[in-house]
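Dear colleague,

I am handing over a structure to you with this email, and below it you will find my notes on what was found. Please keep the structure open while you read, so that each residue can be looked up as it comes.

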Amino acid sequence: ILFKVIMMKEIILLDEGWSVMETGVAKLQRILEDLSEPPFDPGQYINLYTIIYDMCLQQPPNDYSQELYNKYRGVIDHYNKETVLPSMRERHGEYMLRELVKRWANHKILVRWLSRFCFYLDRFYVARRGLPTLNDVGFTSFHDLVYQEIQSEAKDVLLALIHKEREGEQIDRTLVKNVIDVYCGNGVGQMVIYEEDFESFLLQDTASYYSRKASKWSQEDSCPDYMLKAEECLKLEKERVTNYLHSTTEPKLVEKVQNELLVVVAKQLIENEHSGCLALLRDDKMGDLSRMYRLYRLIPQGLEPIADLFKQHVTAEGNALIKQAADAATNQDASASQVLVRKEIELHDKYMVYVDECFQKHSLFHKVLKETFEVFCNKTVAGASSAEILATYCDNILKTRGGSEKLSDEATEITLEKVVNLLVYINDKDLFAEFYRKKQARRLLFDRSGNDDHVTDITLARELQTNFVDYLSANMTTKLGIDFTVTVLTTGFWPSYKTTDLNLPTEMVNCVEAFKVFYGTKTNSRRLSWIYSLGTCHILGKFEKKTMELVVSTYQAAVLLLFNNAERLSYTEISEQLNLSHEDLVRLLHSLSCLKYKILIKEPMSRTISKTDTFEFNSKFTNKMRKIRVPLPPMDERKKVVEDVDKDRRYAIDAALVRIMKSRKVLAHQQLVSECVEHLSKMFKPDIKMIKKRIEDLINRDYLERDTENANTFKYVA
């Protein structure tokens with residue numbers, strides 16, 4: 001027979017068991033009070049744990065779980081009331097803070113140890129009943145009995161310490177940090193207690209403190225000095241957060257400092273007449289401008305006043321350049337427009353550095369700079385558009401040896417890149433392109449270009465000229481008597497030029513005919529069209545004192561060669577012999593008889609040419625130079641270029657309108673106009689009236705039609 005012996009544990013009564021627990025609690029409290037109590041040994045810890053464990057496992061009515069839960073709370077409450085609070089009430093100021101830090105640290109130890117003793121109670125009974133955990137009960141006791149009573153006084157002491165530090169005094173940062181931890185810890189994982197009981201008061205105190213500072217500094221300091229102080233304050237406040245405040249406080253604290261030191265006084269600070277933004281720009285204080293940007297960039301809309309003043313300053317400098325150029329042009333300074341472009345480049349370079357370095361390439365300042373340059377870079381100077389001025393500048397630096405600028409190849413490339421930067425701001429880019437194309441053609445044709453090696457037409461023309469010279473040597477029995485050079489160009493690759501049926505002198509006719517015969521041996525499919533207006537002649541003038549070489553145009557040479565066969569010619573006779581229009585002939589005779597070099601004598605003597613005038617060769621003409629260039633009065637090419645561009649624009653608008661309608665099929669008038677402007681704005685800003693006219697023209701030509709029900713809606717005609 002197998003006997004089973006069951007050992008029954010003796011029932012532990014509540015008072016009996018709790019008395020053992022009280023002994024452990026008393027030992028723990030003596031340890032916390034530094035009463036030379038030795039620490040718990042493992043046996044003592046196991047004994048206390050086992051007592052609670054056994055009392056929780058006993059069957060009703062001897063299950064004392066609820067009673068133990070209540071006694072746990074009672075022990076902690078009693079310790080806080082009888083020991084912690086009296087010690088706190090005895091101390092004030094920093095001493096009170098140190099006691100608070102000590103008592104908070106002790107309280108965490110007390111709760112941790114008691115929770116370990118009662119682990120089984122917490123793990124099963126508390127969890128099953130959904131009661132607050134023993135940890136929560138312990139911290140709630142401290143919050144309700146200790147924290148609530150002393151937090152206000154502690155807050156005042158903390159704020160006083162922070163104020164001392166702001167005024168430059170040394171404080172115990174570790175103490176402050178530990179007290180802040182008490183505020184955070186009493187939230188039991190939530191920041192609301194810290195925010196309501198301390199942070200909100202800190203922010204109010206901060207606003208008040210820096211409001212007083214701003215009022216004082218703004219009266220005493222210049223803008224740069226004020227900003228230095230503001231920047232230092234922001235730095236110190238961020239360090240304050242790092243040293244002892246909670247990290248969530250930083251954005252709120254910084255916002256308060258920014259508001260009082262920067263936002264409230266922004267207008268007074270930035271617009272200060274003697275040291276504000278405009279003064280800093282005027283005096284090139286890039287370091288101070290960088291600081292101003294750093295301070296205001298994180299403030300909503302903080303950069304807008306600075307950008308407005310930046311725009312105002314750059315606009316004023318740009319307008320001053322335009323005025324200087326206009327005044328110089330009025331005083332007949334031929335280099336005025338070239339100086340203007342050079343100074344505009346310098347101005348753009350300067351303020352791009354500001355945008356890149358001071359304002360950290362911020363899009364707002366890029367936008368402001370763009371808008372500013374678009375204004376004064378599109379102003380006219382002495383009747384010349386910005387497009388023409390820029391094209392002329394390019395032409396000048398691309399002439400042989402850098403033109404009047406005397407630039408190296410590398411410097412020329414750099415300068416052209418800077419010109420392209422300015423070109424971005426020009427509204428009429430198509431007008432620039434046309435002016436540039438005409439000037440480039442003249443530069444190439446008159447051999448004034450620094451580098452034309454890559455121009456195929458010019459290369460082929462030179463080869464053809466070499467072949468022509470070889471042809472003359474091999475085939476001509478009679479010499480032409482003059483050196484004759486022809487540049488053959490392909491129509492369509494070059495600008496169009498005015499042609500006339502000029503009656504050439506015999507010497508020139510022989511040369512032209514010889515070239516025609518030669519060219520016929522090269523091709524049968526091409527026709528030559530002679531552009532005499534681009535020709536240059538070197539002729540010898542035999543005057544009484546000396547023989548001089550005259551560099552003239554083909555037209556001027558044709559006039560002068562007439563006087564080889566006649567001493568005196570009337571205007572009418574010259575006109576009939578050369579077959580020139582009145583406008584062209586007046587210009588030629590004026591250049592030869594009324595300007596600096598009077599190769600012909602005109603009767604009657606006057607500054608104008610009339611049809612009744614007579615002319616004779618001025619044999620007494622002389623000059624210290626043996627070779628002179630006789631210039632023609634400049635023709636107004638501007639009007640022709642503008643007319644050509646306007647004509648091209650009409651075609652561009654037509655093409656854009658058709659493309660848009662072909663894609664959209666049906667479109668309202670306003671939307672069609674807007675899309676057309678958007679399509680063409682990269683090359684020019686089309687006139688709205690012109691767009692409307694082109695729409696009407698396309699309707700008349702059956703590309704578009706109006707909607708029968710809505711006259712402001714158009715349809716594409718397939």
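**A threonine and its surroundings**

Leaving aside residues up to four places away in sequence, Thr412 touches Ile397, Leu398 and Leu407. Please bear in mind throughout that this is a predicted model. Thr412 itself lies in helix H18, which covers residues 409-423, and with a relative accessibility of 10% this threonine counts as buried.

**The sheet and the helix across it**

Strand E2, made of residues 547-553, pairs with E6 in the parallel sense, over three bridges. To find this pairing in the viewer, you could look for Glu549, which stands opposite Lys627 in E6.

**Two pairs of packed helices**

In general, two packed helices are described by the angle between their axes and by the distance between those axes. On the H22 side the contact is made by Tyr555, Gln556, Val559 and Leu560, and on the H24 side by Leu588, Leu589, Ser591 and Leu592.

For another pair, consider H2 and helix H5 (residues 119-129), which pack at an angle of about 30° with their axes 8 Å apart. That angle makes H2 roughly parallel to H5. Tyr49, Ile52, Tyr53, Cys56 and Leu57 are the residues of H2 that meet Phe119, Tyr120 and Leu121 in H5.

**Cysteines**

How many disulfides does the count come to? The count comes to zero disulfides. Cys56, which was named above among the H2 residues that meet H5, is in no disulfide, and the nearest cysteine sulfur, that of Cys118, is 7.6 Å away. With a relative accessibility of 9%, Cys56 counts as buried.

**Salt bridges**

Side chains of opposite charge can pair when their charged atoms come close. In this model the count comes to 49 salt bridges, and three of them are described here.

The side chains of Arg103 and Glu33 meet in a salt bridge, with 2.5 Å from N to O. This pair links distant parts of the chain, as Arg103 is in helix H4 (residues 93-117) while Glu33 is in the loop between helix H1 (14-32) and helix H2 (42-57), so that the two are 70 residues apart. Arg103 is buried, with a relative accessible area of 5%, whereas Glu33 counts as partly exposed at 22% relative accessibility. Both residues also belong to a network of salt bridges that links Glu33, Glu90, Arg91, Glu99 and Arg103.

Arg98 forms a salt bridge with Glu94, and the closest N and O atoms are 3.6 Å apart. These two residues are four residues apart in helix H4, and so they are separated by about one helical turn. Arg98 counts as partly exposed at 37% relative accessibility, and Glu94 counts as partly exposed at 28%.

Lys216 and Glu220 meet through their side chains in a salt bridge of 3.2 Å, taken from N to O. Both lie in helix H8 (residues 192-220), where they are four residues apart, about one turn of the helix. At 43% relative accessibility, Lys216 counts as partly exposed.

With kind regards

Definitions and conventions:
Residues numbered from 1 in each chain as written. Predicted model: local features only at pLDDT ≥ 70, side-chain atom pairs only at ≥ 80, totals over all residues. Heavy atoms only, no water. Pairing = 2+ DSSP bridges. Salt bridge = Lys/Arg side-chain N within 4 Å of Asp/Glu carboxyl O. Buried < 20%, exposed > 50% of the residue type's maximum accessible area, 1.4 Å probe, protein only. Disulfide = S-S within 2.5 Å. Axes fitted to C-alpha atoms, helices over the stretch in contact; angles between N-to-C directions. Parallel < 35°, antiparallel > 145°, perpendicular 65-115°, else oblique. Contact = heavy atoms within 4.5 Å.
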